[in-house]
Amino acid sequence: QVQLVESGGGLVQAGGSLRLSCAVSGRTSSANAMAWFRQAPGKERQFVAAISWSGGKTVYADSVKGRSTISRDNDKNTLYLQMDSLKLEDTAVYSCAGRPGNDVSTAHFLYTYWGQGTQVTVSS
């Protein structure tokens, strides 16, 4: 059974920064692409960023492009999301997700491993 546990969320002022982490444990496939999604109250889950298993390919949503960096350390079984220049609209529960294979995807329904999420709240 694969377990994903997010951390690093919290309350931050607009313009500030946060680094989210996702610890992966349990048995996984040899190669897993991973991603971050977010969901605000009353809104649909939204893609944020994805990274291939090798780390050679990254994809970002337009809303966070240029402000966020997704990375991974496979030796430490950890996924990261560095978020800078945070905006009020970034407020949401952020969840990490994984799927077998190297290629990235922006579709949440293609991911089979999910964490519980960590709350990010951006204040003015």
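What radius of gyration does the protein chain have, and what would a compact globule with 124 residues have? I looked this up before anything else, keeping in mind that the model is predicted. The protein chain has 13 Å, which agrees with the value near 14 Å that a compact globule of 124 residues would have. I also noted that the C-alpha trace spans about 45 × 25 × 25 Å along its principal axes.

**Entry: overall make-up**

I went through the secondary structure and found zero helices and eleven strands in the protein chain, which I wrote down in sequence order as β-β-β-β-β-β-β-β-β-β-β. Of the 124 residues, 44% count as buried. Taking the contacts with a separation of 6 or more, I found that residues 24 or more positions apart account for 57% of them.

**Entry: strand E4 and its partners**

I turned to strand E4, residues 32–39, and asked how many of its eight residues are buried. Seven of them are, so E4 is largely enclosed by the rest of the structure. I then followed its pairing: eight bridges join E4 to strand E9, residues 92–100, and the two run antiparallel, with Arg38 standing opposite Tyr94 in E9. E4 also pairs with strand E5, residues 46–51, over five bridges and again in the antiparallel sense, and here I found Phe37 opposite Phe47 of E5.

E4 and E5 form a hairpin with six residues between the strands, where I noted that Gly42 takes a positive phi near 75°. Glu44 has its place in this loop between E4 and E5, and I record Glu44 as exposed, with a relative accessible area of 66%. Leaving out residues up to four places away in sequence, Glu44 touches Arg38 and Gln39. I also looked up the separation between the C-alpha atoms of Glu44 and Ala107, which is 12 Å, although these residues are 63 residues apart along the chain.

**Entry: aromatic rings around Phe37**

Which residues form an aromatic cluster with Phe37? In one of them, Phe37 and Tyr111 are arranged edge-to-face, at 5.5 Å centre to centre and with 75° between the planes. Phe37 lies in strand E4 and Tyr111 in the loop between E9 and strand E10 (113–114), so the pair ties together parts that are 74 residues apart in sequence. I checked the burial of both partners: Phe37 is buried at a relative accessible area of 1%, and Tyr111 is buried at 4%.

Trp114 is partly exposed, with a relative accessible area of 27%. My answer to the question is that Phe37, Phe47, Tyr111 and Trp114 form one aromatic cluster.

I then looked for charged side chains over these rings and found Arg45 lying over the face of Trp114, at 4.4 Å from the ring centre, and Arg99 lying over the face of Tyr111, at 6.0 Å from the ring centre.

**Entry: the nonpolar core**

Which residues have the most contacts inside the largest nonpolar core? I found that this core has 33 residues, and that Trp36, Ile70, Leu79, Leu81 and Tyr94 are those with the most contacts inside it. Strand E3 (18–25), E4, E5, strand E8 (78–83), E9 and strand E11 (118–123) each supply at least two residues of this core, and the largest share, five residues, comes from E5.

I took Leu81 from that group and listed what it touches, not counting residues up to four places away in sequence: Leu18, Arg19, Leu20, Trp36, Val48, Ala49, Ser68, Thr69, Ile70 and Tyr94. Reading this list against the core, I noted that Trp36, Ile70 and Tyr94, which Leu81 touches, are also among the residues with the most contacts inside the core. Tyr94 had already come up in my entry on pairing, as the residue in E9 that stands opposite Arg38.

Conventions:
Residues are numbered from 1 along each chain as its sequence is written. This is a predicted model: local features need pLDDT of at least 70, side-chain atom pairs count only at pLDDT 80 or more; totals for chains, interfaces and linings use all residues. Side-chain values use heavy atoms; hydrogens and water are left out. Buried means under 20% relative accessible area, exposed over 50%, partly exposed in between (1.4 Å probe, protein chains only). Helices (H or I, at least four residues) and strands (E, at least two) are DSSP runs, numbered from the N terminus. Two strands pair if DSSP finds at least two bridges between them. Rings of Phe, Tyr and Trp (its six-membered ring) pair if their centres lie within 6.5 Å; planes under 30 degrees apart count as stacked, over 60 as edge-to-face and the rest as tilted. A charge sits over a ring if NZ of Lys or CZ of Arg is within 6 Å of the ring centre and within 35 degrees of the ring normal. A nonpolar core is a set of buried Ala, Val, Leu, Ile, Met, Phe, Trp, Tyr and Cys residues joined through side-chain atoms within 4.5 Å. Contact means heavy atoms within 4.5 Å. The radius of gyration is taken over C-alpha atoms; the globule rule is 2.2 Å times the number of residues to the power 0.38.
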